[in-house]
2 protein chains.
Amino acid sequence: MSQEKIITIYDIAEKLSLSPSTISRGLQNHAAVNAVTKKKIFDTANEMGYRFNTFARNLRSRKTNTIGVIVPRLNSYFISAMLAGIEKELNGSGYNMLISQSLELQEKEAEYAETMMHNRVDGLIVALAANTTSLDHFQPFFKHHIPLLFADRGIAGNEYTKVVIDNFRAGYEAAFHLAEQGCTRIAHITGNTIRDVYSERRDGYQQALKDKGLSFDESLVFETDLTEISTMKVMNRILKMEVLPDGLFVSNDFCAAIGLKTLKQAGLRIPEDIAIVGFNNDATSRITEPALSTVNYPGQEMGEVVARRLINQLNASNPSEPETLVLKSELIVRSSSLKGGV
Amino acid sequence: MSQEKIITIYDIAEKLSLSPSTISRGLQNHAAVNAVTKKKIFDTANEMGYRFNTFARNLRSRKTNTIGVIVPRLNSYFISAMLAGIEKELNGSGYNMLISQSLELQEKEAEYAETMMHNRVDGLIVALAANTTSLDHFQPFFKHHIPLLFADRGIAGNEYTKVVIDNFRAGYEAAFHLAEQGCTRIAHITGNTIRDVYSERRDGYQQALKDKGLSFDESLVFETDLTEISTMKVMNRILKMEVLPDGLFVSNDFCAAIGLKTLKQAGLRIPEDIAIVGFNNDATSRITEPALSTVNYPGQEMGEVVARRLINQLNASNPSEPETLVLKSELIVRSSSLKGGV
DNA sequence: ACCCAATATGCAATCGGTTGCAGTTAGATT
DNA sequence: AATCTAACTGCAACCGATTGCATATTGGGT
């Protein structure tokens, strides 16, 4: 098997004694090419194993049909659900997807933004890294009017289009529910509050305490990087407290599961001694014993919505106003927080 | 903020009264360009906001510095660990990564292979979909001598380069361990045995039974698609058996966790009544109670190895022989299978 | 037989870089 | 002062497809 020549429209043109223009138009199903000729072109192209050259095409047409996607990480239940949603929509509209993960680092995010720019993506979907504070690295996109939409993790304000859930309300409902169950000392483990998804949930939690007449204790809020190790550390600190909390709201199901198990191993009963609510409705939440109460996060839907919005914006003739699309989330009550009684 | 002009080397050339060739060479740090001129070029490029056009560059240089990666799905602990490994190596060597997920369907896999071809990837890394039986859709890669390496899920034979673990041995060890623990009726839940990762584990399991003098009971082997639903179905069938199994080897940690929980809820003790071993060493395996014995799968390492091998192959002057790289895996014994006693 | 319109095809410029080869220039050598 | 060499820089072709405009062909109408 020898190296096979890469076929171009020029090769087809020569073989059929036609001009490259006609071949090009024929392959595009252009109306100005005779049906018989077209058929001949298609057949010959297949026969010779022709594949179009994306670069030549993109170079000329100044459009790449590629959407860049930058997410904090790939190995997250929520993120992969979202990617599946994005992919479904994009693929259905003939777009490709260039994915990369920032690993929660602004530095890598910036690097990838540049790569995306070089690859001349037609649009960009971003979920910001944990420590991203500035959007400077996205300036080129703004300058060149390349649509940039935020999915889930955006930045405060109405300047940009983003698809989110009402994190304040979700946090509020989680904490309110725990309070309803009789919890009076509710601890909260959250991610980096630079990201408003986390700060808003915390604010919601705080408001719920207030509305239920519970005092807010700063020392019960733990800001972490939501890894297994830091969760363990937090749990150890909690277990050493003089008065243990009787409720725990964790901004992530995996960490909630780790916490749940640690507390059980320390001899505490869930939910009798400590009731727990997680976040995301990961597969993990159904594995724990007792099953974990959590907030359902419509990952796939979020991906579909943001992708569809982007496609619309690309097809629109006039520039569209930035808007914030808020999806529904809901508290799912399972055994880890259900104490019985009303 | 108005639409900013896209700067090309021609714009820089004009501004500096130099020729585009010199700009091009200067930006490439070519030796034949005066250091002073070079500096001037770089400064002006920055100042004007120049970004190179990947397409023009790729079109001319006939090299894309992009590697395609096709995996069955993104939302798997193992796969994302592997992707992280691949990304680390590729990025360190200046390559980009075009990812797509086949969703376990040969049809989608073929479609993406074509897209990768159009995007002229320099090489391809593939973990085959569950139902892929033919490699016809990769023919263009073979014909054009574009390296195609398999990661984890390849195809039998020595025709292609692949990075794998010894699945037969892993399956053998898992089943052997269960037998050692005193299990005599060991059930096995596996994925689509078209994929040799699954068939080899099953073969290893079978061989271990044989070596331990246990009879092989076909009705204890369940081939599934390894989803939550089918696992539940299998568990229900198992629970209805006249004689229950006393050991369970599942080719996937999440399904093992589902199984574990279902059995416990049915009143069975783990590991006393049924000992369980999973596969992959997912995060999930540490969440279950008791913690799940499993086979550690070096996902990140596998990604690094396959990417490094691909890069070497791309840099090599002469074509490299196909080879099979086997990584170490190991049984991790936790409480779900440890009955005590020797 | 002549003209016109409709249909089909080709020419050549263009997208933005890259690179082999040739040409220029300044300084060194004799 | 003439010659040579090394260091720079530019010309122009090229990568493979797209597309506005021009041209060729065909058939129909009168």
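Some ground rules come before the details. In this predicted model, local features need pLDDT of at least 70 and side-chain atom pairs count only at pLDDT 80 or more, while totals for chains, interfaces and linings use all residues. Residues are numbered from 1 along each chain as its sequence is written, chains are lettered from A and ligands numbered from 1 in the order in which they are written, and side-chain values use heavy atoms, with hydrogens and water left out.

**Meeting the DNA**

Let's start with DNA strand D. It has 27 residues around it, and Ile9(A), Arg60(A), Thr22(B), Arg60(B) and Arg62(B) come nearest; a residue counts as near if one of its heavy atoms lies within 4 Å of the strand.

| Residue | Protein atom | Atom of DNA strand D | Distance |
|---|---|---|---|
| Asn53(A) | polar backbone atom | phosphate oxygen | 3.4 Å |
| Thr22(B) | polar side-chain atom | phosphate oxygen | 2.6 Å |
| Arg25(B) | side-chain N or O atom | base oxygen | 2.7 Å |

Which elements give two or more residues to the surface near DNA strand D? From chain A they are α1 (9-16), α2 (20-27) and α4 (54-61), and from chain B they are α2 (20-27) and α4 (54-61). Helices here are DSSP runs (H or I, at least four residues), strands are E runs of at least two, and both are numbered from the N terminus.

Sorted by class, that surface has 9 nonpolar, 11 polar and 7 charged residues. Asp, Glu, Lys and Arg count as charged, Ala, Val, Leu, Ile, Met, Phe, Trp, Tyr, Cys and Pro as nonpolar, and the others, Gly among them, as polar.

**Chain against chain**

Now for the two chains. Each of them, chain A and chain B, brings 55 residues to the contact, which is counted for heavy atoms within 4.5 Å. Together they bury about 5,400 Å², 55% of it on carbon and sulfur atoms. Buried area is the accessible area (1.4 Å probe) that two parts lose on being put together, summed over both. On chain A's side, Arg51(A), Phe55(A) and Ile287(A) supply 14% of the area buried against chain B, more than any other three residues.

There are also 6 salt bridges between the chains, each a side-chain nitrogen of Lys or Arg within 4 Å of a carboxyl oxygen of Asp or Glu. Lys264(A) and Glu289(B) meet in a salt bridge, at 2.9 Å from N to O.

Conventions. A polar contact is a pair of N or O atoms within 3.5 Å; within protein, one must be able to donate a hydrogen and the other to accept it, and residues adjacent in sequence count only if both atoms are side-chain atoms.
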